[in-house]
Amino acid sequence: MPVPVPRQRAIPAVECGQAPAASPDSGPSKEQAAPGTHPADNPTTRRENTTDAHDRPAGRRGSTIPTNLTLLLIEDDPAGSPLVPDLIDQTGKPIRVRTARNLTEAERLLTDDVHCILLDLALSAPAPARPNTDTDGDGGGDGHDELAVLRHVLELAPRHAVLALTSSSDAERGAEAVAVGAQDYLFRDELDGRLLSRAIRYAVERKRSDSAERRLAEGRLRAQENRRLERGLLPTPLLAGSSLRFAARYRPGRSRALLGGDFYDVVRTPDGTVHAMIGDVCGHGPDEAALGVELRIAWRALTLAGLCGDELLGTLQQVLEHERADDEIFATLCAVDISPDGRRAGLCLAGHPSPLVAAPGRPARLLPYDNNGPALGLLPGARWPRMQVDLGAEWSLMLYTDGLIEGHVGGGRERLGQDGMVEMVRRQLAAGLQGEQLLRATVNEVRELNGGELADDVAVVLLDRTAEAARSR
């Protein structure tokens, strides 16, 4: 909560009397306290502390004291006893101290520049803080929870380091405070400046370390969950019984996203036909990613049910029209069905780039795309003709989305395009790359030519029929 500023007023040189004012060219001023008197012993100075810190926004120019750390002291001390001595950080600079007499004041003074809280466990917890409490006890919170005030502060300041202050006769209570969430505990009657300064620095660093470890653990857990989620959303090819080799690469365009609008799948039906599909929902948000997953699952179910070609794409368009959030949403798709002998394939294109095929002794080329139909969701009652293509005995077939060909080449406006991609794949095949290595090299080179991450999603699927597979037929 930001510190309110009810009115303009003179800002004292010392925020709470814990360190004398100083200028860069002079030593500490002795005008802040009477000779022989510690500033913290001055009741007037201590009573002004809460108001001054409350009225003064953090970081305001009014004091020339260079401070690195700020301590918020929460203690009920109506007599103004000197609880906190002089505090110096590791660089020799004074540690700034703010004093709150209750949790309501503490909440107002708890600004972002506070690094550590020193809490007197003898402070009474507010009556409404916890149900069924008895605040008429010994001042340690309530009859059921002596650490109620500490729990309240930890809830109030989850990102701040907390030091618990108790009496030397109550070490067990201090240990319990650490177990609850405090970084350390100190004995009220054994405080000195050096000990407290060191404890503050330790508590701040330990809190930072604990927070970093917690974020690391959360990151690891999130990564594990993401991997499980990704495994559930990205397909597992169903190729049992097929001699074809499968490889795929997937990179969502959105930062830190699991999936983009691109989707793909490969299944083998009982008659031995291998069906492969790749598609792209327009847009890059989570809604488009979810729609892509729905279309992929629908395609697999329809394919396993025996649909193919125009009938399958027409049904997918119905699914898209029912599931899309906006009538302007459409999806491109390329579907291939490879015959059981592996030598021929049927090809249907719905506004999608044509696949690339390569074979020994022949350069990589694009399959025909003269009969390319419209993207799904654009034209009601559209048709998608199925083209028959010859693959040969040994081949590699690469299906891809437009994210692979729409990256820029260098710093200009020129894009890679299909011709540039074909030439790139030819070079990589000539270098002996295949399978996962081929796809990895292709995607990496496209990124390098683009000068960094691609703006669009990228999905690439590669199916290979090797000479061994051809001889086994």
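**Exercise 1. The chain as a whole**

Among contacts in the protein chain between residues at least 6 apart in sequence, what percentage join residues at least 24 apart? Then describe the secondary structure and the burial.

*Solution.* Note the source first: this is a predicted model.

Step 1. The share of such contacts joining residues at least 24 apart is 66%.

Step 2. Count the elements. The protein chain has ten helices and 15 strands.

Step 3. Turn to burial. The chain has 473 residues, and 46% of them count as buried.

**Exercise 2. The faces of helix H7**

*Solution.* 

Step 1. H7 covers residues 309-323, 15 residues in total. From first C-alpha to last it reaches 21 Å, close to the 21 Å expected at 1.5 Å a residue.

Step 2. Collect the buried residues of H7: Gly-309, Leu-312, Leu-313, Leu-316, Gln-317 and Leu-320.

Step 3. Look down the axis. The buried residues of H7 fall within an arc of 140°, so they line one face of the helix.

Step 4. Turn to the face directed away from the buried side. Exposed residues Glu-311 and His-322 are carried there.

Step 5. Identify the cover. Helix H6 (286-304), S9 and strand S10 (344-350) are among what covers the buried residues of H7.

**Exercise 3. The faces of helix H4**

Repeat the analysis for H4, residues 171-180.

*Solution.* 

Step 1. Arg-173, Gly-174 and Ala-177 are buried in H4.

Step 2. Seen down the axis, these buried residues fall within an arc of 100°, so they line one face of H4.

Step 3. Glu-172 and Ala-179 are exposed on the other side of H4.

Step 4. The cover over the buried residues of H4 includes helix H3 (148-156), strand S4 (161-166) and strand S5 (184-187).

Step 5. Inspect the residue just after H4. Gly-181 takes a positive phi of about 155° there.

**Exercise 4. Aromatic pairs**

How many aromatic pairs does the structure hold? Classify each.

*Solution.* 

Step 1. The structure holds two aromatic pairs.

Step 2. Take Tyr-185 and Phe-187. Their centres are 5.8 Å apart and their planes lie at 65°. Planes over 60 degrees apart count as edge-to-face, so this pair is edge-to-face. Tyr-185 is partly exposed, at 26% relative accessibility.

Step 3. Take Tyr-250 and Tyr-264. Their ring centres are 6.3 Å apart and the planes meet at 45°, so this pair is tilted.

Step 4. Tyr-250 is in strand S6 (residues 245-251) and Tyr-264 is in strand S7 (residues 262-268), 14 residues apart.

Step 5. Check burial. Tyr-250 is buried at 14%, and Tyr-264 is buried at 8% relative accessibility.

**Exercise 5. Two loop residues**

Where are Gly-342 and Thr-401, and what lies around them?

*Solution.* 

Step 1. Gly-342 is in the loop between S9 and S10. It is buried, with a relative accessible area of 4%.

Step 2. Beyond its sequence neighbours within four places, Gly-342 contacts Leu-391, Gly-392, Trp-395 and Arg-465.

Step 3. Thr-401 is in the loop between strand S14 (395-400) and helix H8 (417-430). Its relative accessible area is 0%, so Thr-401 is buried.

Step 4. Thr-401 and Asp-262 are 139 residues apart along the chain, yet their C-alpha atoms are separated by 7.2 Å. Their side chains form a polar contact of 2.7 Å.

Methods:
Residues numbered from 1 in each chain as written. Predicted model: local features only at pLDDT ≥ 70, side-chain atom pairs only at ≥ 80, totals over all residues. Heavy atoms only, no water. Phe/Tyr/Trp six-rings, centres within 6.5 Å; stacked < 30°, edge-to-face > 60°. Buried < 20%, exposed > 50% of the residue type's maximum accessible area, 1.4 Å probe, protein only. Helix = DSSP H or I, 4+ residues; strand = E, 2+ residues; numbered from the N terminus. Expected span 1.5 Å × (residues − 1). Arc of directions from axis to C-beta. Contact = heavy atoms within 4.5 Å. Polar contact = N/O pair within 3.5 Å; in protein donor to acceptor, adjacent residues only side chain to side chain.
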